[in-house]
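Trainee: I would like to learn how to read pockets and helices in a model. Can we work through one together?

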Amino acid sequence: MWVENSIRVFPVPLRPEDSEPIVDLQMLFNQVYDIAGYDMEIDYSREPIPPLSETDTIWADALLRDRALRD
């Protein structure tokens, strides 16, 4: 079983009198990916260049199959 790694949410330090906004980069990346249609541009049936390690290849294959991006 694979474990999804996501980017942590973090505050942006500003001046002491300002409240710190919280940045959720993972959500932003996901939105850009969806809006840009990268799932339609990237051929997930092909192996990446450069190749992944054996462990990462197994993880990526399971992830892509789980998300129906690879048969």
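Trainee: Which helices each supply at least two residues of the lining of the largest pocket?

Mentor: The general idea comes first. Rolling a probe the size of a water molecule over the atoms shows where empty space is left. In this predicted model, the lining of the largest pocket takes at least two residues each from H1 and from helix H3, residues 54-66. The space in that pocket comes to about 480 Å³.

Trainee: How many residues line the largest pocket, and which lie nearest its centre?

Mentor: The lining has 15 residues, and those nearest the centre are Gln26, Asn30, Tyr33, Leu63 and Arg67. Sorted by class, the lining holds eight nonpolar, three polar and four charged residues.

Trainee: Take Gln26. Does this residue count as buried or exposed?

Mentor: Gln26 has a relative accessibility of 18%, so it counts as buried; the cut-off for buried is under 20%. Gln26 belongs to helix H1, which covers residues 25-36. Apart from residues up to four places away in sequence, Gln26 touches Asn5, Ser6 and Ile7.

Trainee: What is the reach of H1 from its first C-alpha to its last?

Mentor: The reach is 16 Å for twelve residues, close to the 16 Å expected at 1.5 Å a residue. After H1 comes Gly37, with a positive phi near 70°.

Trainee: What does the length check give for H3?

Mentor: H3 has 13 residues, which at 1.5 Å a residue should span 18 Å; the C-alpha atoms at its ends are 18 Å apart, so the two agree. Just after H3, Ala68 has a positive phi of about 60°.

Trainee: Which residues of H3 are buried, and why are they on the same side?

Mentor: The general idea is helix geometry. An α-helix has 3.6 residues a turn, so residues three or four places apart point the same way. In H3 the buried residues are Ala60, Leu63 and Leu64. They cover an arc of only 95° around the axis, which puts them on the same side of H3. On the face turned away from that buried side are the exposed residues Glu54, Thr55, Ile58 and Asp66.

Trainee: Let us follow Leu64. Which residues is Leu64 in contact with, leaving aside neighbours within four places in sequence?

Mentor: Leu64 is in contact with Tyr44, Leu69 and Arg70. Leu64 sits in helix H3 and counts as buried because its relative accessibility is 11%. Tyr44 is 20 residues from Leu64 along the chain, yet their C-alpha atoms are separated by 7.4 Å.

Trainee: What volume does the second largest pocket have, and which residues line it?

Mentor: Its volume is about 170 Å³. Leu64 is one of the lining residues, along with Tyr44 and Arg70.

Trainee: Where does Ile42 lie?

Mentor: Ile42 is in the loop between helix H2, residues 38-41, and H3. With a relative accessible area of 39%, Ile42 is partly exposed. Ile42 and Ser6 are 36 residues apart in sequence, and 20 Å separates them in space, C-alpha to C-alpha.

Methods
Residues are numbered from 1 along each chain as its sequence is written. This is a predicted model: local features need pLDDT of at least 70, side-chain atom pairs count only at pLDDT 80 or more; totals for chains, interfaces and linings use all residues. Side-chain values use heavy atoms; hydrogens and water are left out. Helices (H or I, at least four residues) and strands (E, at least two) are DSSP runs, numbered from the N terminus. Buried means under 20% relative accessible area, exposed over 50%, partly exposed in between (1.4 Å probe, protein chains only). Contact means heavy atoms within 4.5 Å. On a 1 Å grid over the protein atoms alone, a cavity is a set of points where a 1.4 Å probe fits but cannot get out, and a pocket is an open set with protein on both sides within 12 Å along at least five of seven lines; lining residues have an atom within 4 Å of a point. Grid points are joined across faces, edges and corners, and a volume is the space filled by probe spheres set on the points. Ala, Val, Leu, Ile, Met, Phe, Trp, Tyr, Cys and Pro count as nonpolar, Asp, Glu, Lys and Arg as charged, and the others, Gly among them, as polar. The expected span of a helix is 1.5 Å times one less than its number of residues. The arc is that of the directions from the helix axis to the C-beta atoms.
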